[in-house]
Amino acid sequence: MEYRSIERAVFSSRPNRFIAYCQINGKEEVVHVKNTGRCRELLIPGTEVWLEPAADPNRKTKWSLVAVNKGGRLINIDSQAPNQIAWEAFQSGKLQIPGYEYPLEVRREVKFGGSRLDFCLEGGFGMAYGEVKGVTLEENGICSFPDAPTERGVRHIEELIAAKKAGYGAFLLFIVQMEGMKFLIPNEKTHPAFGEALREAAKAGVAIIARTCSVEPGSIWLDGEIPVYPDGTPGKTSGNLPG
């Protein structure tokens, strides 16, 4: 995935979830933050950030904040990017879900139960429903999700479990919006219910996969796979393979 153009800036402050103040070429601008998560460990005054110009010249905020330099590691925080990254990788064949490889058709935004899930794959395996989650939170090379409570995320996992029990395939794909990570665990401190739901999904046979990304200021591409440990303990089963 590539951005049309990109501009370096320096982060100043974030008065609310949707906007931030950044210094661009010595001038302070109000910019749109393309992530409603907390991002407290990323958006620190004085931090180098990268901005995308708005496609609409009449938009109130003329820039969108899409990436942050955290201690030399570039992290993409565009919450719309993970779905697009997955879509492009499915289309090119670079993304294969274990047990549901080489689908004949990939559809986006498909209704199941009471939710609209990100993907539905159809192939010789039948139908498999999937949800994508973007990951921006890391500490010492270990990434975790979510960075803020997400009842919606729990509901999506429950729908995937229901799909699996109904005889369909189901997968949860974490797109880690950075590179160089060791593994992924649920953020129990922030949202214990998400960790519980993730463990139930693993037990139910939902495929749980995490893929890191190669990130540049103006682009982000799918990279390698890392383990997922729903119980937060490396070395134990991650539930990666569907049952």
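Predicted model: local features only at pLDDT ≥ 70, side-chain atom pairs only at ≥ 80, totals over all residues.
Biologist: How do you know that the span of helix α3 agrees with its number of residues?
Modeller: Helix α3 covers residues 192-204, which is 13 residues. At 1.5 Å a residue the helix should span 18 Å, and its end C-alpha atoms lie 19 Å apart, so the two values agree.

Biologist: Which residues of α3 are called buried, and what makes a residue buried?
Modeller: The cut-off is under 20% relative accessible area. F194, G195, A197, L198 and A201 are buried in α3.

Biologist: Why are the buried residues of α3 said to line one face?
Modeller: Viewed down the axis of α3, they fall within an arc of 160°, so they line one face of the helix.

Biologist: What covers those buried residues?
Modeller: The cover includes α2 (151-165) and the strands β11 (142-145), β12 (169-176), β13 (183-186) and β14 (207-216).

Biologist: What follows α3?
Modeller: G205 does, and its phi is positive, near 95°.

Biologist: In what order do the strands of the open sheet run, and what is the pairing?
Modeller: Six strands run in the order β7-β8-β9-β12-β14-β15, with mixed pairing.

Biologist: Why are β7 and β15 called edge strands?
Modeller: β7 (105-112) and β15 (219-226) each pair on one side only. From one strand to the next, the twist averages 35°.

Biologist: How do you know that β14 and β15 pair?
Modeller: Two strands pair if there are at least two bridges between them. β14 and β15 have six bridges, in the antiparallel sense, so they meet that cut-off. In β15, W221 is the bridge partner of S214.

Note on methods: Residues numbered from 1 in each chain as written. Heavy atoms only, no water. Helix = DSSP H or I, 4+ residues; strand = E, 2+ residues; numbered from the N terminus. Expected span 1.5 Å × (residues − 1). Buried < 20%, exposed > 50% of the residue type's maximum accessible area, 1.4 Å probe, protein only. Arc of directions from axis to C-beta. Contact = heavy atoms within 4.5 Å. Axes fitted to C-alpha atoms, helices over the stretch in contact; angles between N-to-C directions.
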